Amino acid sequence: MAAFETSNLTSNTPVVVEGPYGPVRLKWHKLRTHLAEAPFKRSNLALGWQLGASLEVDILATADGRFAVLHDPTLGPSTTGRGRVPRMPITSLRGLFHRNAEGAPDPDAPVLSLAELIAPLRGRPRAPSANLQLDLKLLQGHSLPDSAIADAAAAVAGLEDAIVVGSHHLDDACRLVAAIPGARLGYDPRLEVSRQPGLRDPERLLRHIERRSAGVSLVYLRFDAIVAAESQGFPLVARLLDLGIETDAWTINPGGDTSDAILRTLVEAKVHQITTDVSSEIFRLIRSL
């Protein structure tokens with residue numbers, strides 16, 4: 001509970017919740033603390049860094065081999081720009097802003113390069129538990145250029161031990177982690193599951209991850225895949241822990257398919273982390289179990 005009590009001194013945005021079976025970290029999806037706000041807000045990055053949050057940004061390589069902090073390969077309608085990011089130089093993104101849920105541009109959420117977003121962190125106090133996941137996005141048929149790897153390594157220089165590189169594209173993520181000594185490696189098998197439907201079977205999924213587990217310390221799984229495995233009597237999260245791999249369950253927000261039963265299953269399975277856009281609500285729901 002110490003992490004939440006510390007955060008409560010300056011914010012009502014928790015970074016961890018003490019569940020019935022131990023602590024569960026609450027990762028701020030796209031740096032959001034509320035569903036309606038724009039993604040990748042600079043103030044949320046600074047706050048989470050101070051409070052010890054698990055933070056997430058998406059990164060895409062531009063035409064000139066730089067990383068931009070963007071989720072989608074096209075700029076519209078989620079930003080004030082237009083065009084396909086992989087065909088544009090990083091300089092063409094200047095002056096653009098991410099939009100909130102109502103479509104309004106947010107001056108606290110400019111479209112930035114990875115280097116520009118991270119640079120202010122070097123002058124800010126960092127809680128020991130703070131970490132920043134770089135969610136590597138690649139277009140089908142595209143490989144990660146060496147220039148982008150060098151750009152990311154320079155962007156996070158001096159902060160390497162706080163970095164987690166996660167992706168569907170494990171080979172490219174491995175290349176990026178190799179250039180950032182001290183960074184952790186995460187793997188999301190969703191792309192492979194879409195290509196190989198048989199991997200929806202939790203035992204086969206475990207074998208797939210085990211074959212590719214060298215250097216992997218964190219696996220990102222859709223929350224419903226974890227719930228399905230548990231309902232079949234297969235303790236996927238526990239088996240991954242036996243391999244030394246923690247699990248992040250994504251993405252869980254109030255309403256919709258989220259229920260007390262789903263959250264109870266996840267905490268009983270002992271997931272290490274839950275990805276959410278509304279950490280305060282997930283905190284409240286888990287505490288009420």
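# Helix packing, buried residues and backbone geometry

User: At what angle do helix α10 (residues 260-269) and helix α11 (residues 279-287) pack?
Analyst: In this predicted model, the axes of α10 and α11 are 10 Å apart. Axes are lines fitted to C-alpha atoms, for helices over the stretch in contact, and angles run from 0 to 180 degrees between N-to-C directions. Helices (H or I, at least four residues) and strands (E, at least two) are DSSP runs, numbered from the N terminus. The packing angle is about 85°.

User: What pLDDT do local features need in this predicted model?
Analyst: Residues are numbered from 1 along each chain as its sequence is written, and side-chain values use heavy atoms, with hydrogens and water left out. The model is predicted, side-chain atom pairs count only at pLDDT 80 or more, totals for chains, interfaces and linings use all residues, and local features need pLDDT of at least 70.

User: How are α10 and α11 oriented to each other, parallel or perpendicular?
Analyst: Angles under 35 degrees count as roughly parallel, over 145 as roughly antiparallel, 65 to 115 as roughly perpendicular and the rest as oblique. The angle here is about 85°. The two helices, α10 and α11, are therefore roughly perpendicular.

User: Which residues of α11 meet α10, and how many of the contact residues are charged?
Analyst: Contact means heavy atoms within 4.5 Å. Asp-260, Leu-263 and Val-267 of α10 meet Ile-282, Leu-285 and Ile-286 of α11. Classes are nonpolar (Ala, Val, Leu, Ile, Met, Phe, Trp, Tyr, Cys and Pro), charged (Asp, Glu, Lys and Arg) and polar (the others, Gly among them). The contact of α10 with α11 has five nonpolar residues, no polar ones, and charged residues numbering one.

User: At what angle do the axes of α8 and α10 cross?
Analyst: These axes come within 10 Å and cross at roughly 75°. That makes α8 roughly perpendicular to α10. The contact is made by Phe-223, Ile-226, Val-227 and Glu-230 of α8 with Ile-262, Thr-265, Leu-266 and Ala-269 of α10. Its residues divide into six nonpolar, one polar and one charged, and the crossing angle is roughly 75°.

User: Within what arc do the buried residues of α8 fall?
Analyst: Buried means under 20% relative accessible area, exposed over 50%, partly exposed in between (1.4 Å probe, protein chains only). In α8 (residues 223-231), Phe-223, Ile-226 and Ala-229 are buried. They line one face of the helix, because seen down its axis they fall within an arc (of the directions from the helix axis to the C-beta atoms) of 125°.

User: Which residue with a positive phi follows α8?
Analyst: The buried residues of α8 pack against α7 (202-211), β10 (216-222), α9 (236-242), β11 (246-250) and α10. After α8 comes a residue with phi near 80°, Gly-233.

User: Which residues of α4 are exposed on its other side?
Analyst: Ala-148, Ile-149, Asp-151, Ala-152 and Ala-155 are the buried residues of α4. Their arc is 160° down the axis, so they line one face. What covers them includes β3 (54-61), β4, α3 (114-118) and α5 (170-178). On the other side of α4, the exposed residues are Asp-146 and Ala-154.

User: How far apart in space are Val-156 and Ile-118?
Analyst: Val-156 sits in the loop between α4 (146-155) and β8. Its relative accessible area is 0%, so Val-156 is buried. Leaving aside neighbours within four places in sequence, Val-156 contacts Ile-118, Arg-122, Leu-134, Ile-163 and Ile-180. Val-156 and Ile-118 are 38 residues apart in sequence, and their C-alpha to C-alpha distance is 7.1 Å.

User: Which residue's backbone nitrogen lies 2.9 Å from a polar side-chain atom of Ser-167?
Analyst: Ser-167 lies in strand β8 (residues 163-167). Ser-167 counts as buried because its relative accessibility is 1%. The backbone nitrogen 2.9 Å from its side-chain polar atom belongs to His-169.

User: What is phi of Leu-31?
Analyst: Most residues other than glycine have a negative phi, and most peptide bonds are trans. Lys-30, in the loop between β2 (22-28) and α2 (42-51), has a positive phi of about 55°. Leu-31, in the loop between β2 and α2, is buried at 0% relative accessible area. Phi of Leu-31 is also positive, near 65°.

User: Which residues does a cis peptide bond join?
Analyst: Pro-77 is in the loop between β4 (67-69) and β5 (97-99). With omega about 0°, the cis bond joins Gly-76 and Pro-77.

Notes. A polar contact is a pair of N or O atoms within 3.5 Å; within protein, one must be able to donate a hydrogen and the other to accept it, and residues adjacent in sequence count only if both atoms are side-chain atoms.
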